[in-house]
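Visitor: Could you walk me through this protein, one question at a time?
Guide: Gladly, let's look together.

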Amino acid sequence: MMTRRNFLIGATTGFFLANLPRVGMANGTGTGGQRSFIEVFSFACPHCYKLSLQLGIWLPMHPQVKHYAVHIVSSPDDLKLAAAGYAAAVLGKGEAYRAAFFKAIYEGNQAPDERTMVTVAESLGFKAAAFVDTMKGSDTAELLARSETLTQQFAITATPTLIIDSQRVRQPDKDPLDILQEEFGA
């Protein structure tokens with residue numbers, strides 16, 4: 001049986017979930033004693049886009065806090081969107097893809113579909129066929145499985161959701177950035 005502790009044991013490289021330390025999130029610290037939080041998001045969520053923009057300003061002002069972005073995987077549509085983000089991460093441009101894909105959807109009014117996924121990947125220098133192959137590859141599949149497990153273990157059904165020190169924090173009436181500021185300091 002997969003437990004939260006077993007799920008968080010080990011380490012990989014990359015971006016998003018790939019950087020999530022598998023040890024040390026209990027007791028309020030990530031690897032090396034650094035405090036951390038997981039942001040569970042969806043590319044299809046306008047509130048997640050807003051939080052992503054806010055985190056772009058907040059995170060550099062809080063270098064002592066480690067952030068992990070994990071795409072929710074609770075439906076077939078989530079799976080496709082997460083696969084695109086994780087494929088970009090596997091190819092070394094996860095953060096750039098996240099920013100560009102959000103921008104394409106919410107500023108460029110493009111649909112969060114396969115065509116936009118590939119167009120954004122090409123804008124970052126990826127070949128379309130290689131990107132699609134990576135979306136279907138074993139490295140991406142492993143990240144999707146980990147994301148799905150995390151989504152299920154913490155019973156996440158809405159985004160954005162924060163997991164701070166291995167505790168799910170979901171207060172729909174409260175801005176996620178306010179929660180982070182209360183927890184980690186303004």
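Visitor: Is Thr134 buried or exposed?
Guide: Buried means under 20% relative accessible area, exposed over 50%, and partly exposed in between, using a 1.4 Å probe and protein chains only. Thr134 has 15% relative accessibility, so Thr134 counts as buried.

Visitor: What should I know about the model and its numbering?
Guide: This is a predicted model, where local features need pLDDT of at least 70 and side-chain atom pairs count only at pLDDT 80 or more, while totals for chains, interfaces and linings use all residues. Side-chain values use heavy atoms, with hydrogens and water left out, and residues are numbered from 1 along each chain as its sequence is written.

Visitor: Where does Thr134 lie, and which residues is Thr134 in contact with, leaving aside neighbours within four places in sequence?
Guide: Helices (H or I, at least four residues) and strands (E, at least two) are DSSP runs, numbered from the N terminus. Thr134 lies in helix 6, residues 128–135. Contact means heavy atoms within 4.5 Å. Leaving aside neighbours within four places in sequence, Thr134 touches Ala87, Val90, Leu91 and Thr140.

Visitor: At what angle do helix 3 and helix 7 pack, and what is that orientation called?
Guide: Axes are lines fitted to C-alpha atoms, for helices over the stretch in contact, and angles run from 0 to 180 degrees between N-to-C directions. Helix 3 (residues 76–90) and helix 7 (residues 138–153) pack at about 125°, with their axes 9 Å apart. Angles under 35 degrees count as roughly parallel, over 145 as roughly antiparallel, 65 to 115 as roughly perpendicular and the rest as oblique. Helix 3 and helix 7 are therefore oblique to each other.

Visitor: In which order do the strands of the open sheet stand, and which strands are at the edges?
Guide: Two strands pair if DSSP finds at least two bridges between them. The open sheet has four strands with mixed pairing, in the order 2-1-3-4. Each edge strand has a single partner, so one side of each is left without a neighbour in the sheet: these are strand 2 (65–71) and strand 4 (167–169).

Visitor: How many bridges join strand 1 to strand 2?
Guide: Strand 1 covers residues 35–41 and runs parallel to strand 2. Val40 stands opposite Val70 in strand 2. The number of bridges joining strand 1 to strand 2 is seven.

Visitor: How far apart in space are Ile72 and Thr161?
Guide: Ile72 sits in the loop between strand 2 and helix 3. Ile72 and Thr161 are 89 residues apart in sequence, and their C-alpha to C-alpha distance is 9.2 Å.
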